[in-house]
Amino acid sequence: MRDWDVPALLVVVALCLVGVVMVHSATAGREAHGEDLGLDQLLRVCAGAILMVVLSRISLRFLQFAAYPSYLLALLLLVVVLFAGRTHGGATRWLGVGALEVQPSEVAKVATTLALAFFLAEQRGNKPWRTLAIAAAIVSVPFALIVVEPDLGTALVLLPVTVGMAWWAGVPFLALFTVIVPMLSVVCAFSLVTWATLMVTVVVVLAWARAGFWRFVVVCGACIVTGLLTPHAWGMLEDYQKTRILVFLNPGLDPRGSGWNVIQSRIAVGSGRLLGKGIMGGTQKALAFLPAQHTDFIFSVVGEELGYVGAQIVLVLFGVLLWRLVGIAARCRSRFAGILAIGLTIGIATQVLINAGMTLGLLPVTGLPLPFISYGGTHVIASLCTVGILQSLRRNWKETS
Amino acid sequence: MHPGVAGYDRDIRPAAARAVLLVVLVLLSARLFYLQILQGAHYLELADSNRVRLSIIKAPRGLMYDRSGRIVAQDRAASTIVLDPSYGADSTNVSMVAELLGMSVQEAWRKIGVAQRRRDDCTLDPDATFATVSRIEERRDILRGTARRLSLRRRYPAGAAVGNLVGYIAEVSEKELNPDSPYRMGDLIGRSGLERQYESVLRGERGFEFIQVDAAGRELGPVPERSAIAPIPGHDLRLSIDQNLQTLAWDLIGPDRQGAVVALDPRRGDVLALVSRPSFDPNVLGSGMGHAVWAQLNSDSLFPLLNRPIQCAYPPGSTFKIATAAAALAEGVIQPSDRKTCTGAFLFGGRPFGCWKKTGHGSVDLRKAIVESCDVYFYQVGLAIGLERLSRWAHVFGFGEPTGIDLVNERSGLFPTVDWFNTTYGRGRWSRGTVVNLAIGQGEVLATPLQIAQFVGAIGNDGVMFAPRIAMESRDPVTGRRTVLADPKGRRLPLSPQTIALLKDAMAGVTEDPHGTAGRSRIPGVVMGGKTGTAQNPHGEDHAWFVGYAPADHPIIVACAFVERGGHGSSEAAPVASGVIKAWLITCGVLPEEESGDA
């Protein structure tokens, strides 16, 4: 245990236990079809913990060796899931043998991070555009395969991971900015205020970075063009096409109109007030007002039953964990280890942000689990494996020093 | 210093990453703080209303018993299908529910619209059949916001025989659902008859139950920590009606005739039977399809919705001669022994007024004039007393005045006064001769069967007249406490005992004397006093009247039968009334049970 980051480990254990208790409460405390999944979750946590310990013993060399093969294996699994996957709730995301089910997208997330880290570590930053293009190619294949499952949430996590890793690997900030901003423009184009805010930010950032004239023209021009075209292109679609796209992107799309999921989740969290309704005491939860309450919306059960204090503690725990993980990345001597560490860290951080943001009504609803806490075998095990790999990087860093 | 990064003196990347992390965490924490601390109370309220639905427990409506405890009106359990518009008001769901209920989608949406404006549950089917309930229950998992509630429907064992008497109940209309109204959509309200008259007594007060619902609006059962507020059941009513007598009277009129029967206990004013025919089946009108049936009844040319004994006023014909005789004796304008000659007609103002007996009655005194119903005698009595005095007495006897029976929409009939003629026809535009006709109950005079029964009953009761009443007492089903609704209210008519004795003797003669007009309706074993009447009807066949009471010296029942366009009172109406009287005398033990044979 000498070479473990003990605070990070304790935080992970705490988060997993919170998860077990909340999954138990979310499933057993429900009036209709109450099947207690708490024990189930505990078993998965134990399995994940064993894998975490095993992976923490792994050598850096093996990770480098396994980077591309694991990436190819993940792609294969993603293809297989498209043809032979099991479907739950309108999405084909699972590969199953008997009662055992695996979510290849969770595996692909880690594998893609490995492959990206391996590739980026070899680049020396003198050809940023070439580096970015190849990195984009590496990510785009699993991204596309995950999107069509569909599992937009998990796929989206890959984007900040890629950008963050490239930045960590030395790709100039301005180059990344030039690529990212037009994409943001597409997303923001649906609201004039948001889009205008984005444009002001873009101009300020470019000025601050002392961007050249042509970069100024290209970045702003791209933003304006995409910003103008998107609503127009969207408007040309027929209603059923829009619906189809929206439902495709988000199968759990509000069955009752006017943001039912979001509203119910907000009511659940808000009604918890300072100290919450107590474990097993959530009423929103108990009466199934919360959609996917033991998986994607577990954080609203936390908010409802443990109150502001409990939810804030959970957020602080995540903060401590991520703070420590950034520390691991910062102290790595090996480029590969550092880039891999920051990639895995950003992966976890993004999931926390998207999931909590969705639960609290800050971000649109995309199905994505809360790391360590949400119910789900592959995701819990994958999260713990990520921690194991990060721990191994820490040990490897010490070895190399 | 990281080898891969050029241009930085220090590696700022970890600090930048941590800064971003902090910003994100602070943002999420601020949101948590806003939702849970600043807006917590608001969301708690939302969460409560989210899971709790106030469900109404309808109060059972009071029962109605007849005077010997037979059920006249009673609630029975029924299934109501309701839809909560906040869960189920989308087109697929509504069309699915409508199809299962066998109603049109437009009709379903109309009802939902009303409910939405009231922020109320929508009652789609107030009395669902077992098959409908099964269909709904089978699809419970697909349907949203749809629930089956147990409710209570009204049952009237005697059916149409009590139709106009009890009236009917129907769903409260949208117009009546103003914000102050104690009613809610789907509530039932008395629409006519006793159900309407005693609505506030019978209704009770609804209770509430706090029901947990899940996200699809399915009810999961009561909220444990909030106990239900029990409904207060409506009070029961005990009626003076004898349901057997009521049904007998209904049968005696028969399905092919229109008419009315009123039977009273003249000693107290108890209404023993109040029959109108044709009528309606209150069981059908109170059901979900009531509206269509009502529309059909309302356009029926025989007016089944009219409660004839209190709502139809007709010329009373010769039954009114008792009133004329009483008034003339009280005024002293005739002496019982005065004799007049009937030649079959009477000339007044150059116009002949005929007697019903074209050959004439010969020499007639008062008793004979009543027994044989001589018109010519009473023409002259009318002239002698004059319009002013006759009309004043008629009003004293209750004509042209409401009897005050406890039923809605009673008509008061008419006995014209001098003023009435002056305003209706104009001063000097009417003849003093009208009183000739009025004296025999023809012309402008209109009376309800109830008024005739009340007046003649008062004569039989030695001059004490009681206001008729149906509901005797109410009973709180919870405490068992009884409340007398109205004490018998009697008043003595200003007639001398000699006058009353004379009239009673004459009315006994109507059935007992060989020439009495109702001789054929004599009841063996008891003397019945009575008077026939045949009212001329300018629109067709004459209306037949008979009013009688028995036993003649101290009557316990007075019955008035009226047959619309029936013809002669003696042949059409008298058997109905005497049949009712006889049955009641048997019930009361005054007459022995009928020997078997021709029953």
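How many helices and how many strands make up the secondary structure of chain A? Chain A comes to 15 helices and 3 strands, while chain B has 21 helices and 23 strands. The model is a predicted one.

- Chain A contains 401 residues, and 49% of them are buried.
- Chain B contains 599 residues, of which 48% count as buried.
- When contacts in chain A between residues at least 6 apart in sequence are considered, 72% join residues at least 24 apart.
- For chain B, the corresponding share of contacts joining residues at least 24 apart, among those between residues at least 6 apart, is 72%.

**Contact between chains A and B**

- The two chains meet through 31 residues of chain B and 41 residues of chain A.
- On the chain B side, α1 (13-38), α2 (40-51) and β8 (207-213) each supply at least two residues.
- Helix α1(B) gives the most to this side, with 15 residues.
- By class, the side of chain B that touches chain A consists of 18 nonpolar, 8 polar and 5 charged residues.

**Helix α2 of chain A**

- Helix α2(A) covers residues 38-56, which amounts to 19 residues.
- From its first C-alpha to its last, α2(A) reaches 26 Å, close to the 27 Å expected at 1.5 Å a residue.
- The buried residues in α2(A) are Gln41(A), Arg44(A), Val45(A), Gly48(A), Met52(A) and Ser56(A).
- Seen down the helix axis, the buried residues of α2(A) fall within an arc of 105°, so they line one face of the helix.
- As background, an α-helix has 3.6 residues a turn, so residues three or four places apart point the same way.
- Leu39(A) and Val54(A), on the other side of α2(A), are exposed.

**An open sheet in chain B**

- An open sheet of chain B is formed by 5 strands in the order β12-β11-β23-β22-β21, with antiparallel pairing.
- Its edge strands are β12 (270-277) and β21 (529-535) of chain B, each of which pairs on one side only.
- From one strand to the next, the twist averages 5°.
- Strand β11(B), residues 259-265, pairs with β12(B) in the antiparallel sense over 7 bridges.
- Leu264(B) has Val271(B), in β12(B), as its bridge partner.
- Helix α10(B), residues 243-253, packs on the sheet and touches β11 and β12 of chain B.
- The direction of α10(B) makes about 30° with that of β12(B).

- Met507(B) lies in helix α20 of chain B, which covers residues 497-512.
- Is Met507(B) buried or exposed? Met507(B) is buried because 28 other C-beta atoms lie within 10 Å, against a cut-off of 20 or more.
- Not counting residues up to four places away in sequence, Met507(B) touches Ile322(B), Ile370(B), Gly529(B), Gly530(B) and Lys531(B).
- Val456(B) is 51 residues from Met507(B) along the chain, and the C-alpha atoms of these two residues are separated by 9.7 Å.

Conventions
Residues are numbered from 1 along each chain as its sequence is written. Chains are lettered from A and ligands numbered from 1 in the order in which they are written. This is a predicted model: local features need pLDDT of at least 70, side-chain atom pairs count only at pLDDT 80 or more; totals for chains, interfaces and linings use all residues. Helices (H or I, at least four residues) and strands (E, at least two) are DSSP runs, numbered from the N terminus. A residue is buried if 20 or more other C-beta atoms lie within 10 Å of its own, exposed if 12 or fewer, and partly exposed in between; C-beta atoms are placed from the backbone. Two residues are in contact if their C-beta atoms, placed from the backbone, lie within 7 Å. Ala, Val, Leu, Ile, Met, Phe, Trp, Tyr, Cys and Pro count as nonpolar, Asp, Glu, Lys and Arg as charged, and the others, Gly among them, as polar. The expected span of a helix is 1.5 Å times one less than its number of residues. The arc is that of the directions from the helix axis to the C-beta atoms. Two strands pair if DSSP finds at least two bridges between them. Axes are lines fitted to C-alpha atoms, for helices over the stretch in contact, and angles run from 0 to 180 degrees between N-to-C directions.
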